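Here is a short report for a reader new to this structure. Please look at the sequence and the 3D view, then read on.

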Amino acid sequence: QVQLVESGGALVQAGGSLRLSCTASGMKSTINAYGWYRQVPGNQRELVAVIRSGGDVYYADSAKGRFTISSDNAKNSVYLQMNSLKPEDTARYYCNVNGGKGREEWSSWGRGTQVTVSS
């Protein structure tokens, strides 16, 4: 069973920075992509950024220019560097990892880490 452990969430003032980390364990096949999502209570979970095994990255418009996603395949880890944080970035941030092929595809979620940005 794949397990993800996130860390790095905190209370920070607007304009500040945080670095979220997520480490995966228990995989039986290669990882295809890592993603960071966020969710505010009462709202749907939304994609923040994705990085694929080949290095391709995608950012939501809200993250472009401020957030950077990176991964360390040797450590099965993904990071999200968040700069110039805004109060509207306040949310619980979740790590997602998917891997495998065809019928063996899998996807796993972490429990999340809380980011609170004060104005």
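R38 and E46 join their side chains in a salt bridge, with N and O 2.6 Å apart. A salt bridge here is a side-chain nitrogen of Lys or Arg within 4 Å of a carboxyl oxygen of Asp or Glu. R38 is buried, at 7% relative accessible area. E46 is partly exposed, at 37% relative accessibility. Buried means under 20% relative accessible area, exposed means over 50%, and partly exposed lies in between, with a 1.4 Å probe and protein chains only.

R38 also forms a salt bridge with D89, and the closest N and O atoms are 3.0 Å apart. This pair links distant parts of the chain, 51 residues apart. R38 sits in strand β4 (residues 31-39), while D89 sits in the loop between β8 (77-82) and β9 (91-99). Both R38 and D89 are buried. D89 meets R66 as well, in a salt bridge of 2.7 Å from N to O. R66 lies in the loop between β6 (57-59) and β7 (67-72), and D89 in the loop between β8 and β9, so this pair ties together parts 23 residues apart in sequence. R66 is buried, as is D89. The whole structure has four salt bridges.

## About the model

This is a predicted model: local features need pLDDT of at least 70, side-chain atom pairs count only at pLDDT 80 or more, and totals for chains, interfaces and linings use all residues. Residues are numbered from 1 along each chain as its sequence is written, and side-chain values use heavy atoms, with hydrogens and water left out.

## The overall fold

The protein has zero helices and 11 strands. From the N terminus on, its elements run β-β-β-β-β-β-β-β-β-β-β. The radius of gyration is 14 Å, close to the 14 Å that the globule rule gives for 119 residues, so the protein is as compact as a globular protein of that length. Helices (H or I, at least four residues) and strands (E, at least two) are DSSP runs, numbered from the N terminus. The radius of gyration is taken over C-alpha atoms, and the globule rule is 2.2 Å times the number of residues to the power 0.38. Along its principal axes, the C-alpha trace spans about 45 × 25 × 25 Å.

Of the 119 residues, 40% count as buried. Take the contacts with a separation of 6 or more: residues 24 or more positions apart account for 54% of them. Contact means heavy atoms within 4.5 Å.

## Surface and charge

The accessible surface comes to about 6,800 Å². Carbon and sulfur atoms hold 44% of that surface. Accessible areas come from the Shrake-Rupley method with a 1.4 Å probe, and for residues only the protein chains shown count as cover.

The protein has 13 positive and 9 negative charges, and their mean positions are 4 Å apart. Lys and Arg count as positive and Asp and Glu as negative, while His and the chain ends are not counted. Each charge is placed at NZ of Lys, CZ of Arg, CG of Asp or CD of Glu.

S21 lies in strand β3 (residues 18-25). At 18% relative accessibility, S21 is buried. Beyond its neighbours within four places in sequence, S21 is in contact with V5, E6, S7, W36, V78 and Y79. V48 is 27 residues from S21 along the chain, and the C-alpha atoms of the two are 14 Å apart.

Q44 has its place in the loop between β4 and β5 (46-52). Q44 is exposed, at 73% relative accessibility. Not counting residues up to four places away in sequence, Q44 touches R38 and Q39.

## Two positive phi angles

Most residues other than glycine have a negative phi. N76 is not a glycine, yet its phi is positive, at about 50 degrees. N76 is found in the loop between β7 and β8. N76 is partly exposed, at 26% relative accessibility.

S84 is another residue other than glycine with a positive phi, near 50 degrees. S84 lies in the loop between β8 and β9. At 42% relative accessibility, S84 counts as partly exposed.
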